[in-house]
Every structure is written in structure tokens, then in C-alpha cells.
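Dear colleague,

Please find the structure below, handed over for your reference. My notes on what was found in it follow.

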Amino acid sequence: MNIVPSGNTIGAEIRDVDLARLSADEFARVEAAFDAHGVVCFPEQHLDEEQLVAFARRFGEIERNFLAQYAHPRHPEILYVSNIKENGRDIGHADAGRVWHTDMSFTARPPRATLLYGLEVPVENGVALGDTQFSSAAAAHDSLPAEMQRRIAGLHAIHQVAGRRARTGTGQHDQAQRREQPAVVHPVVRTHPRTGRKCLYVTRGECEGIEGMAREEALALIDELADRIVEPRFHHTHHWRVRDLLMWDNCTVQHLATFDYQWPRHRRLMQRVTVGGSVPV
């Protein structure tokens, strides 16, 4: 096993490992690298659905998404992220990741990790499309002035998933399902349950207020913190290859998908699993 850091504030590639045959000692090294780097890529993996789910479960209980129409028909733990259409219908969540966010923060127990497995990657003139961008919510918190850190400690933001799409106008065919999801309250600053690092935990659009704060003041603060999270100095970009398994920590980082490809000229097919839900602290 060879662990190669990206050189950015987050990100690493873990080479020369077969995730379908991972010993306990090897898994301990993988988990330590995941905690340290926030985003890890395992290239050249050849996993069937059972093997993908089994590896994911080593990080915690599977967390299922409410958009069940995009789940694998025989393995509902797996959500398809894809722009492919069959009979005029999206087979997967076609515009997942349209804005900066952290996965399923609108749930009471957001997932520890998301795994995304690249089965088909769109290509144009030999160049892979559909990069995934990441930014460190931990480094963003650490960069705040001490006065701001004191101001936001102990605050709690209100999360509602429909707010993301209301802001962008995308994904409207699924918006009724989003509106059915209840709002939840999470700390503005999360303490990572394994590393102890403080991480900013707000998303523009999804966070619709802060408890005990006037709405205008709350939204201004949310926007300020959200802008800090996604500053370029905290970024890491993943350039996809077929059979990459990419994994990220939903407390440590936020992510954004790149939509520089278009159906039917390009095909993109990913399998997503989210695991390890816990109550944010």
C-alpha cells in the first residue's frame, strides 16, 4: 500500500491496494489516512456491488438517501449518480452536487463518509470531464480570526434540503420530495468525532437560519462562513478515471460537482454509498 498526499490541505491517493481483500491491518492504515486527509482516492478498483457495500460498511452503518427512485434495484444501499437516460427517464441522480455542500446534512445523523465509484467517466478529446472539487471546512475554521471563532461557538443552524434547489432552480422534478424532509438543527461548528478538529458546518441555501438570531443577521453570517469554506486556498480537485473509488469525510470537507459534460454526447455512471451516520457535536 502506498499513500500519496495531494500536497493540498486535503486529499491523498492510496495505491497498490485491493479493497475487496483488505486485511484488518490494511484497513487500519486506510482509515487513518482517511481521517488525516479528508478525501482519498483508490485507483483501479474492480468491485462488484456486494464488495462495494461490504467495504463501505467497515466505516459504519449504511445511510440511505430519500431519493429512492435512483437506488440500485437489487442493492438499495447504492444510489446511482448518472446523466444516463433510459426511456426518457434519468436512471440516477443526474445533477447531484450542483452547489457546494456536505452530504445529507439535512438529516438528524449525517453520514461520516461518502463513497463514489466511477464506472463510466465522460471524456472529450481524451480529457476526462466531470471533476469533483473539495474544500476543507476544517482549515476554513482554523483560518478564522479568534473573535469570529468565539462568536460562532455554540451557535446552531437550521438545515432544510429544499433550500439548495430553491436557490439554483435545479432539480425541480425531485423538489416535492425534498420539501417533505423535515428541517433539522446542527452546530455551526462541528467537532470531528475522530480527530477532534473544529469544522464549519453551514451551507448557503440549505441553512435557512440560526437559532436565536434574527433572520437577516443569520443569513449574512451563514453566507460569510460558507464563502470562507470554499476559498481556493482550501481546495482539492479530483480528476476522474474509470474504476476510481473516491471517498470523502462529510464533516471535514464540502464538495462541488463539475457539469462540463452533456447527455447524450457524454455518459457518466457512478455508484454512491453513504455510511456512518452520527449526531453532530
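Predicted model: local features only at pLDDT ≥ 70, side-chain atom pairs only at ≥ 80, totals over all residues.

**The loop between E19 and E20**

Pro 264 is located in the loop between E19 and E20. Helices (H or I, at least four residues) and strands (E, at least two) are DSSP runs, numbered from the N terminus. The peptide bond that joins Trp 263 to Pro 264 is cis, with omega at about 5 degrees.

Residues are numbered from 1 along each chain as its sequence is written, and side-chain values use heavy atoms, with hydrogens and water left out.

Arg 265 forms a salt bridge with Glu 124 (a salt bridge is a side-chain nitrogen of Lys or Arg within 4 Å of a carboxyl oxygen of Asp or Glu). The closest N and O atoms of this pair are 2.4 Å apart. The pair links distant parts of the chain, 141 residues apart: Arg 265 belongs to the loop between strand E19 (253-257) and strand E20 (269-275), and Glu 124 to strand E9 (residues 123-124). As to accessibility, buried means under 20% relative accessible area, exposed over 50%, and partly exposed in between (1.4 Å probe, protein chains only). Arg 265 is exposed, at 64%, whereas Glu 124 is partly exposed, at 22%.

**Helix H1 and its surroundings**

Helix H1 (residues 24-37) consists of 14 residues. From its first C-alpha to its last, H1 reaches 20 Å, close to the 20 Å expected at 1.5 Å a residue; the expected span is 1.5 Å times one less than the number of residues. The buried residues of H1 are Phe 27, Val 30, Glu 31, Ala 33, Phe 34, Asp 35 and His 37. These buried residues pack against several elements, among them strand E1 (2-5), helix H2 (49-57) and strand E8 (113-120). After H1 comes Gly 38, with a positive phi near 80 degrees.

Glu 31 is buried, at 14% relative accessible area, while Arg 194 is partly exposed, at 45%.

**Other salt bridges**

Across the whole structure, a search finds 20 salt bridges. One of them joins Glu 13 and Arg 15, whose closest N and O atoms are 2.6 Å apart. Glu 13 is buried, with a relative accessible area of 15%, and Arg 15 is partly exposed, at 34%. Both belong to a network of salt bridges that also links Arg 241 and Asp 244.

**Backbone angles**

Most residues other than glycine have a negative phi, and most peptide bonds are trans. Two residues may be noted here. Asn 125, in the loop between E9 and strand E10 (127-128), has a positive phi near 55 degrees and is exposed, at 73% relative accessibility. Arg 243, in the loop between strand E17 (235-238) and E18, has a positive phi of about 80 degrees although it is not a glycine; at 27% relative accessibility, Arg 243 is partly exposed.

Yours sincerely

Definitions and conventions
Contact = heavy atoms within 4.5 Å.
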